[in-house]
Amino acid sequence: MPTLPANTDWPVMQPGWVWLVGAGPGDAGLLTLHGLNAIQQADVIVYDALVGEDILKWAKPDTQIDYAGKRGGKPSPKQRDISLKLIEYAKAGKRVLRLKGGDPFVFGRGGEEAQTLVEAGVNFRIVPGISAGIGGLAYAGIPVTHRDVNQAVTFVTGHDASGNAPSAVNWRALAESSPVIVCYMSMKTLPTIVASLIEGGRDGAEPVAIVTNATRSNQNVLETTLACAVEDAAAATLAPPAIICIGRVTLMRQTLDWMSQMTGEAPRSLDPLGVRDGDIRDVS
Ligand code: SAH
């Protein structure tokens, strides 16, 4: 059982409170200490499909574990029902942990849930987590920013409430202005996203990485290009969840794929962007 470092006043979970906690993208070690503290105190844990179940073992033996995700092809419970359940538990005086994959406020509907808690007069705390679009890509050796590539990065969801590629996103503007685009929940709408970006002026040869099950033992990385992404993804029959990174930072994986280097493989390239002159640069 992991223990929290001593000599710190870890916050105490009060009965009747809800803590909305990000569990990170899957690797149990990416849970924060505040997250661990919450798991060890909770009376009830309401968790989502993307939460790595390993961390639930750290709960007290009598903690009620309540699954709120999609199971066996059945539709996921309605967001409203989940929020009502949290309120019900809190009003019954339980210490409630709402555990979500990644970060609760990044495409996780944590904002909506917290809003309902406020409306119901329930006290809450937010514990951020490592989001798949940053930490998941790091596990694939892809930095979401790199000084030689991008001064901006966009995180976008591939579907809106109707399940289509979000029409509220100005893909042309993104194509023109965002050198790196990280797409969540985008496997189904990838053909539309790719077509919109190419129409907006992006080069079909632009590198793309599709990282499935990032940070988990079954992590898989598909390296492709914008023009080939849809076909390559279909041929590889990828298992969800997947995070898609579009942009030249993807090339950095050739140098920074630390996982394969742990098994003794040499980096494929030391200068995938073709910008280094061989010297360690000024780091000021
Ligand atoms: N709050 C989460 C995102 C929830 S939306 C976060 O901050 O990471 C769900 C989407 O997140 C998935 O469709 C997928 O695009 C991405 N995702 C979450 N965990 C992932 C993982 N381990 N590997 C790849 N993608 C992941």
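**Briefing: salt bridges, domains and local geometry**

The count of salt bridges comes to 13. The model is predicted. The protein divides into domain 1 (18-130) and domain 2 (133-261). Between domain 1 and domain 2, the salt bridge count is zero. A search of the whole structure also finds four aromatic pairs.

**Domain interface**

- Domain 1 and domain 2 have C-alpha centres 27 Å apart. Eight residues from domain 1 and 12 residues from domain 2 make the contact.
- About 760 Å² is buried between domain 1 and domain 2. Carbon and sulfur atoms give 66% of that area.
- On the side of domain 1 that touches domain 2, six residues are nonpolar, one is polar and one is charged.
- Five residue pairs are in polar contact across the interface of domain 1 and domain 2. Both residues of each pair are at pLDDT 80 or more.
- No salt bridge is counted between domain 1 and domain 2.

- Side chains of opposite charge can pair when their charged atoms come close.
- Asp48 and Arg98 form a salt bridge. Their closest N and O atoms are 3.0 Å apart. The cut-off is 4 Å, so this pair qualifies.
- Asp48 sits in the loop between E2 and E3. Arg98 belongs to strand E4 (residues 96-100).

- Two numbers describe a pair of aromatic rings: the distance of the centres and the angle of the planes.
- For Tyr47 and Tyr67, the centre-to-centre distance is 5.1 Å and the angle between the planes is 65°. Planes over 60 degrees apart count as edge-to-face, so the Tyr47 and Tyr67 pair is edge-to-face.
- Tyr47 lies in strand E2 (residues 44-47), and Tyr67 lies in strand E3 (residues 64-67). These tyrosines are 20 residues apart, and their pair also links distant parts of the chain.

**Backbone exceptions**

- Most residues other than glycine have a negative phi, and most peptide bonds are trans.
- Pro240 and Pro241 are joined by a cis peptide bond, with omega about 0°. Pro241 is in the loop between helix H7 (229-236) and strand E10 (242-246).
- Asn7 has a positive phi, near 65°, and is not a glycine. Asn7 lies in the segment before strand E1 (18-22).

Conventions. Residues are numbered from 1 along each chain as its sequence is written. This is a predicted model: local features need pLDDT of at least 70, side-chain atom pairs count only at pLDDT 80 or more; totals for chains, interfaces and linings use all residues. Side-chain values use heavy atoms; hydrogens and water are left out. Domain bounds come from an automatic or database domain assignment. Contact means heavy atoms within 4.5 Å. Buried area is the accessible area (1.4 Å probe) that two parts lose on being put together, summed over both. A salt bridge is a side-chain nitrogen of Lys or Arg within 4 Å of a carboxyl oxygen of Asp or Glu. A polar contact is a pair of N or O atoms within 3.5 Å; within protein, one must be able to donate a hydrogen and the other to accept it, and residues adjacent in sequence count only if both atoms are side-chain atoms. Ala, Val, Leu, Ile, Met, Phe, Trp, Tyr, Cys and Pro count as nonpolar, Asp, Glu, Lys and Arg as charged, and the others, Gly among them, as polar. Rings of Phe, Tyr and Trp (its six-membered ring) pair if their centres lie within 6.5 Å; planes under 30 degrees apart count as stacked, over 60 as edge-to-face and the rest as tilted. Helices (H or I, at least four residues) and strands (E, at least two) are DSSP runs, numbered from the N terminus.
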